[in-house]
Amino acid sequence: MPAEMRKTHPYYVYDAIQAQPELTEKILQKSDTIERAADAIAEKERITFVGIGTSLHAARVAESWMREFSAGRLWAHCEQSFELVHHPIAFTSKDAVVVITHTGTTTASVEALRMARAAGALTVAITGEMSGEGVRGTDFQIETCEQEVAFAYTKSYTTALAALAILIARIVERRKLLSDGHSHKELAEVPRLIREALKLEPQVRELAKRMAPQARIEIFGTGVGWATASEAALKIKEACYIAAEGFETEEILHGPFSETDSRATLIGLFTGRETDARARQILRAAGELKMLRAAIASPSANHDISAEHILVVPEVAEWLTAFVHLVPLQLLTYFLALERGLNPDTGRQDQPAHAAASKHYKY
């Protein structure tokens with residue numbers, strides 16, 4: 001935590017959210033290093049994306065993008081770093097291992113890198129600037145942005161996604177497996193799309209006011225939307241200290257719906273694909289439970305949605321919803337914390353009990 005914490009809006013995390021268009025532009029401008037790493041990865045038989053916490057959600061998006069860009073013809077998978085260390089994969093020189101760790105000090109992720117290097121795998125670290133020594137010695141180190149001040153990471157996640165998008169598009173192109181309708185040129189639109197999504201702030205603030213008294217928040221989506229829902233739920237926990245969960249669209253009906261009721265808010269992420277039909281059913285069902293309902297959807301997907309609040313984001317291909325759905329959820333987390341009278345920067349580390357608890361572990 002910084003020596004001098006802010007006491008009022010704008011807090012550090014708000015500045016980080018607003019900085020994302022400019023920071024993603026910088027990633028796109030320095031894509032040469034990323035493309036060189038992609039060329040090396042393209043020569044390998046297996047690709048594993050590794051992370052923990054927020055970085056695991058980025059790894060999940062990367063896995064989904066690899067499938068999407070190649071129409072399922074190029075297989076990659078993601079691993080949670082602590083599980084990978086203690087339940088390892090037998091990596092060889094035929095593997096490429098991409099570890100996402102913004103600080104470069106995350107214990108399990110650094111150990112996963114060490115294991116992969118020792119096995120002869122090609123290693124790539126996607127990290128923040130001035131990151132820890134644990135990522136030194138990788139074959140490629142891709143830097144995203146300066147280190148976060150706030151406990152809840154935002155800009156580091158978005159810039160990691162930008163770097164991963166360039167990386168994956170290049171890998172798939174090198175393997176000549178890029179599916180019809182996809183182009184790396186779409187990446188150039190990401191900063192503009194984020195700026196457009198940021199304009200939803202007034203609507204998000206109104207939704208935050210309605211949500212502030214609620215005891216629980218549930219978010220659901222498919223494809224990259226599943227990872228986005230999980231990431232948003234994590235931010236809400238870190239900044240708002242409220243129970244929140246991110247679900248896959250169909251999975252929310254298999255147990256979670258039984259324990260929910262009118263004390264919860266339900267947020268659906270709509271992509272314009274056939275999976276939206278199930279999302280519409282879920283929101284209608286939530287109405288019977290008197291839940292507060294919200295949706296994030298593009299103009300073409302914004303129809304027949306049963307929700308008290310609908311946030312309309314720019315029209316994009318499904319894979320780009322990883323950016324445009326994320327931004328209003330980041331803003332929602334921020335203003336929800338303010339409505340609850342909380343400082344969204346601290347992660348409760350300014351409270352004696354939580355500060356004492358943190359002495360028993362390290363990330």
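This is a tour of a predicted model, stop by stop, with what to select at each one.

Residues are numbered from 1 along each chain as its sequence is written. In this predicted model, local features need pLDDT of at least 70 and side-chain atom pairs count only at pLDDT 80 or more, while totals for chains, interfaces and linings use all residues; side-chain values use heavy atoms, with hydrogens and water left out.

**Stop 1: the nonpolar cores**

Select Phe49, Trp65, Leu164 and Leu167. In the largest nonpolar core, which has 91 residues, these four touch the most other members. A nonpolar core is a set of buried Ala, Val, Leu, Ile, Met, Phe, Trp, Tyr and Cys residues joined through side-chain atoms within 4.5 Å. Buried means under 20% relative accessible area, exposed over 50%, and partly exposed in between, with a 1.4 Å probe and protein chains only.

Now show helix α7 (residues 155-174), which gives this core its largest share, 13 residues. Helices (H or I, at least four residues) and strands (E, at least two) are DSSP runs numbered from the N terminus. Centre on Leu167: leaving aside neighbours within four places in sequence, Leu167 is in contact with Ile34, Ala37, Ala38, Ile41, Phe49, Val98 and Ile142. Contact means heavy atoms within 4.5 Å.

A second, separate core has 16 residues, among them Leu266, Leu283, Ala295 and Ala297.

**Stop 2: Thr158**

Stay on helix α7 and select Thr158. Is Thr158 buried or exposed? Thr158 is buried, at a relative accessible area of 1%. Residues up to four places away in sequence not counted, Thr158 touches Gln20, Thr24, Ile194, Phe323, Leu326 and Gln330.

**Stop 3: the five-stranded sheet**

Show the strands in the order β7-β6-β8-β9-β10: they form an open sheet with parallel pairing. Two strands pair if DSSP finds at least two bridges between them. At the edges are β7 (243-248) and β10 (309-312), each pairing on one side only. On average, neighbouring strands of this sheet are turned by 15° against each other, direction ignored.

Select β6 (residues 216-221) and β8 (residues 264-269), which run parallel and are joined by five bridges. Here Glu218 stands opposite Leu266 in β8.

Helix α9 (residues 201-211) lies across β6, β8, β9 (292-297) and β10, at about 150° to β10. Helix α10 (residues 224-240) lies across β6, β7 and β8, at about 175° to β7. Axes are lines fitted to C-alpha atoms, for helices over the stretch in contact, and angles run from 0 to 180 degrees between N-to-C directions.

**Stop 4: aromatic rings**

Rings of Phe, Tyr and Trp (its six-membered ring) pair if their centres lie within 6.5 Å; planes under 30 degrees apart count as stacked, over 60 as edge-to-face and the rest as tilted. By this rule there are eight aromatic pairs.

Select Phe69 and Trp319, an edge-to-face pair at 4.9 Å centre to centre with 85° between the planes. Phe69 lies in helix α4 (residues 54-69) and Trp319 in the loop between β10 and α12 (321-324), so the pair ties together parts that are 250 residues apart in sequence. Phe69 is buried at 4% relative accessible area, and Trp319 is buried at 3%.

Next, select Tyr361 and Tyr363. Their ring centres are 5.8 Å apart and their planes at 65°, so this pair is edge-to-face. Tyr361 is partly exposed at 43%, whereas Tyr363 is exposed at 60%.

Finally, select Tyr11, Tyr14, Tyr334 and Phe335, which form one aromatic cluster.
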